[in-house]
Amino acid sequence: MTFLLTKIFLKSSIQKMNEQYGVSSNKVKKLKIMLYAFLALYIIGIIYIFSYNIIDGLREINQETTFIGLILLIVLGFTAVQTIFSSINILYFTKDTDSLLPLPIKPYQIIWARTNVLILVEYFIDIIIGLIPLIIYGIMLNCGTMYYVSAVLAVLLLPILPIILISLIVMVVMSFSKITKNKNRFQLIATLLVLALVIAFSFGITQLDSTEMTDEQMIQMITQANSMVNMIKGYFPTLEFGINAVTSTSVITTVIEFAKLIGITVIAFAIYILLAQKLYFKGLIGNLYGGSKKKSFNSEIKSKRTTLGRVYVAKEFKTLLRNPVYLVQCILPAIIFPVLCIGIVVFGFNGDEAQDLAELSAMLQENKLLLLFGIIAINQFFSMIIYVSATAISRDGENAVFMKYIPVSLYKQYVYKTMPNIIMNIISILIVLGLARYAVEISVLDLVIAFGVSTIMAVFQSFLLLLIDLKRPKLKWSSEYAVVKQNFNLIFPMIFSFVNIGIIVILGLAMEEYPAYIPVAILAVAFMLATVILCGYLKKNQYKLASKIM
Amino acid sequence: MIEIKNVSKSYVKGKKSVDGLDLEIKNGEIFGFLGPNGAGKTTTIRMITGILEPDDGDILVDGHSIRKEPLEAKKNFGFVPDSPDMFLKLKGIEYLNFLAEVYKVPLNERKERIESLTKKFEIYDELNNNIESYSHGMRQKIVICGALISNPKNWILDEPMTGLDPKASFDLKEMMRNHVKQGNTVFFSTHILDVAEKLCDRVGIINKGKLVFVGTFDEMKEKFKEETSLEELFLEITEE
C-alpha cells in the first residue's frame with residue numbers, strides 16, 4: 001500500500017507537468033529533446049569545470065579525498081535547505097490530503113508514502129550536485145567499480161536522515177496550528193520562522209568561514225572546508241560513515257561503514273514513523289479544519305474613487321503576500337538574496353578583503369563602463385529568482401478563466417499581472433544600488449542611470465516571462481507548491497537572465513573604447529524598443545494568447 | 001437577451017462537443033439548460049461568457065457579439081461559474097470591492113448594493129474574513145453576490161443551487177423571478193429537475209452536443225404525449 005501511495009503521489013505531480021505541455025508534434029518533441037540535452041550538457045559542463053579545477057588543485061597537495069567530503073557535505077546542506085520548503089508543502093499544503101483521510105489507509109502508510117515522495121524529489125537535485133561531481137572524481141582518479149557503487153549508495157542514503165529530521169521539526173511546529181486561533185497568520189509566521197533560522201545559520205557559517213579565511217589561494221580555502229566537514233561530522237555521524245565508505249580502498253571497511261550508515265538510517269526512520277504518527281495528523285487536521293479567528297464586519301466598503309489598475313495590482317499582491325508558498329518562493333527571494341549575497345561580500349570583508357574593496361572601488365572609478373554594466377549585470381542576475389511574472393497566470397489555477405469573462409481587456413490584465421514582478425524587481429534593484437553605494441564610490445547620476453537601465457531590462461523580462469506563462473500555463477494543480485516547483489517554466493527566468501548578462505558582456509567588450517554612456521544608452525534603447533515590440537505583440541494577440549486558459 | 005446562433009465547438013478533431021446550437025433566450029424569461037454529464041452544458045456556457053471561442057457561429061448578448069465586441073457583451077451579463085473556490089486569499093469585502101471596480105459600479109450605489117446582497121444571503125457579518133474560511137455554500141453565496149453586484153441585465157449561472165442552504169436557494173429563486181419581471185434574462189444550468197420544472201419559463205435539453213428539446217414543460221408533455229414527470233421525460237429524451 002505504501003508503495004502504491006508513493007506511486008500515486010509521484011504520478012499525479014508528473015502527470016500535471018505533462019498536462020502543462022500537452023501533446024506535441026514530432027518536430028516539437030525533437031526540439032524539446034534537443035533543448036533538454038543542451039541544458040543537461042550545459043549543467044554537466046559547469047559542474048565538470050568546477051569539479052575538475054578543485055580536484056586537480058587538491059591532487060597537487062595530496063588532499064583529493066577532501067573533495068568527497070565536501071561534495072557529500074554539499075549534498076547534506078542542499079537537502080536540508082530544500083527539505084524545509086518541500087516538507088511543509090508536500091506534507092501539509094497538498095490538496096489531495098482531504099480526500100485521503102476518509103480512506104481505509106493506515107496512518108503510517110500515508111506518512112511513509114509522503115516521506116518517500118520527499119526523498120525521491122530530493123534525489124533529483126542530489127544526483128546533479130552530488131553524483132556527477134563524484135563520477136568526475138572517479139574518472140579523474142581512475143577509481144574502481146567499488147568506488148562508484150559506494151558513491152551511488154552514499155548519495156542515496158545520506159539525504160534520508162536530514163529529510164526525516166527536518167520533517168519532524170516541521171511536524172512539531174505545525175502541530176501547534178490546531179491550537180492557534182488564526183491559521184493563516186500561523187502558517188505565515190511558521191514559514192518565516194523556519195526561513196529566518198536558515199538565514200541565521202547561513203550567516204553563522206559565513207562568519208565562521210570568513211574569520212578562518214586568508215587572502216590566499218582557493219585550494220587553501222577548500223582545504224579549510226575540510227575542517228568544516230570535520231565539524232559537521234561531529235553533529236552528523238552518518239556523514240563520517242559515508243565519507244569513510246566512499247574514500248576507503250578496503251572492501252571490509254566500506255561494508256562496515258555502510259552497515260553503520262544503513263543501521264542508523266533504518267533506526268532513525270523507524271523512530272521517525274513512530275513519532276510522526278503522533279505529530280503529523282495533529283498538525284494536518286489543524287491545518288485542514290482549524291478555523292481562522294472570525295472578525296466581525298464593520299463596513300469597509302470602498303467609498304473613494306480609485307483606478308481599476310490599482311485595485312487589480314493590489315489583488316495580485318494580496319494573493320502573493322497571504323499565501324506562504326508564494327510569499328517564500330516569489331516575493332522574499334527578491335529581497336533576501338541581494339541582501340544575503342551582496343551583504344556577505346560587503347559587510348563580511350575585513351582586513352585584506354577591505355583593502356581589495358577599496359582597490360576595486362578606485363579601479364571602477366576609472367572604468368565607468370565596467371561599474372555601470374557590472375551593476376546592471378548584478379541586477380539581471382538577481383532577477384532570475386523573481387518568479388512573479390513567470391507564474392502570474394498559473395497561480396490562479398483553474399480560476400484563471402475569470403480573466404476571460406470580466407469586461408476588462410485581456411491586454412490590460414496582462415499589464416496589471418506583470419506589475420508585481422516589475423515592482424519586486426525595482427525593490428531588488430534598489431537594494432543592490434544601496435549596497436553598491438555603500439561599497440564603492442558611485443555618483444548619484446550613475447546610480448540613476450544604473451537604476452533606469454536596470455528597470456527597463458526588468459520591465460522587458462517581466463513581460464517576456466508573462467508571455468511564457470500564457471503560452472504554457474500550469475492551471476491544474478493540487479497544491480500551490482506545484483506552481484513554483486513542479487513547473488518547467490521557471491527555468492526561463494534563469495535563461496533570460498543569462499542571455500541578458502551575455503548581451504551586457506558582449507556589448508561591453510565590443511564598445512570598450514567608447515565613452516561609457518554610449519553603450520549604456522544603446523542597451524537602454526535596445527531594451528526599450530524590445531519592450532515596445534513585445535507589448536505590441538501581446539496587445540495584438542491578446543485573445544489568441546489566452547487560448548490555453550479554459 | 002441572449003442569442004446563440006448555429007454555434008459549434010470541438011475539443012478533439014472530428015468530435016463536436018457542441019453541434020450547431022441555435023437558441024434564443026428572450027427578455028423576461030428564466031431559461032433552464034438541462035442535460036446529462038458531458039452533454040455540452042458547460043461548454044455552451046463557457047462560449048456564451050467568452051471563456052471559449054466557438055469554432056463556428058456567434059453569440060449575441062443584448063445585441064453585442066461575444067466575438068466581435070467582447071467587452072460590450074461582457075458588460076451586459078453577470079456570471080456564476082460552477083466552482084465557487086475563487087480568490088480564496090481575499091476577504092469577502094475585498095472580493096466584492098474588486099468586482100465593483102471591474103464593473104465600474106458607481107460609488108453611491110456600491111455600498112447599498114453590497115449591503116443588500118450580502119444581508120439577503122446572510123454573509124454580511126463574514127465579509128471581513130478570508131473567503132478561504134467560508135464553507136462551500138458561503139463561497140457560492142459570495143460568488144453570486146459578486147456576479148450580481150453590477151445589477152446586470154442577463155444572469156448566466158452554472159449550477160447555482162449547488163451547496164446553497166434551503167433559505168439561500170429560496171431567496172435566489174425569488175431574486176431570479178423578480179429579475180425577469182423587470183424584463184431581464186436568467187439563463188442557468190442545473191441537474192435539479194424539480195427546480196427547473198417549478199422555476200423555468202422554458203427549458204432546453206442538450207444531449208451529446210445537440211439540442212434535443214426546447215420549449216415549456218407543457219410543450220414537452222405535449223410533444224411526447226405523456227402525463228409523466230419531468231424526470232421521466234428527461235430520461236426518455238436523453239436516452240434516445
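Residues are numbered from 1 along each chain as its sequence is written, and chains are lettered from A in the order in which they are written. In this predicted model, local features need pLDDT of at least 70 and side-chain atom pairs count only at pLDDT 80 or more, while totals for chains, interfaces and linings use all residues.

Figure 1. The model scores ipTM 0.92 and pTM 0.77. Chain A has 22 helices and 0 strands; helices are DSSP runs of H or I with at least four residues, strands are runs of E with at least two, and both are numbered from the N terminus. Of the 550 residues in chain A, 36% are buried. A residue is buried if 20 or more other C-beta atoms, placed from the backbone, lie within 10 Å of its own, exposed if 12 or fewer do, and partly exposed in between.

**Figure 2. The contact between chains A and B.** Chain A contributes 30 residues and chain B 31 residues, where two residues are in contact if their C-beta atoms, placed from the backbone, lie within 7 Å. On the side of chain A that touches chain B, the elements giving two or more residues are H12 and helix H16 (402–405). H12(A) gives the most, with 6 residues. By class, this side of chain A has 11 nonpolar, 10 polar and 9 charged residues. Ala, Val, Leu, Ile, Met, Phe, Trp, Tyr, Cys and Pro count as nonpolar, Asp, Glu, Lys and Arg as charged, and the others, Gly among them, as polar.

**Figure 3. Helix H12 of chain A against helix H3 of chain B.** The axes of H12(A) (residues 308–322) and H3(B) come within 9 Å and cross at roughly 150 degrees. Axes are lines fitted to C-alpha atoms, for helices over the stretch in contact, and angles run from 0 to 180 degrees between N-to-C directions. H12(A) is therefore roughly antiparallel to H3(B); angles under 35 degrees count as roughly parallel, over 145 as roughly antiparallel, 65 to 115 as roughly perpendicular and the rest as oblique. Leu308(A), Val311(A), Lys315(A) and Lys318(A) of H12(A) meet Glu94(B), Phe98(B), Glu101(B) and Val102(B) of H3(B). This contact has 4 nonpolar, no polar and 4 charged residues.

**Figure 4. Helices H3 and H5 within chain B.** H3(B) (residues 92–102) and H5(B) (residues 136–148) pack at an angle of about 20 degrees, with their axes 9 Å apart. The two helices are therefore roughly parallel to each other. From H3(B), Gly92(B), Tyr95(B), Leu96(B) and Leu99(B) meet Ile142(B), Cys145(B) and Gly146(B) of H5(B). The contact of H3(B) with H5(B) has 5 nonpolar, 2 polar and no charged residues.

**Figure 5. The surroundings of Ala39(B).** Ala39(B) lies in the loop between strand E3 (29–34) and helix H1 (41–48) of chain B. Ala39(B) counts as buried because it has 23 C-beta neighbours inside 10 Å. Apart from neighbours within four places in sequence, Ala39(B) is in contact with Ile206(B), Asn207(B) and Lys208(B).

**Figure 6. Ile503(A) in helix H20.** Helix H20 (residues 492–510) of chain A holds Ile503(A). With 16 other C-beta atoms within 10 Å, Ile503(A) is partly exposed. The C-alpha atoms of Ile503(A) and Leu523(A), 20 residues apart along the chain, are separated by 8.7 Å.
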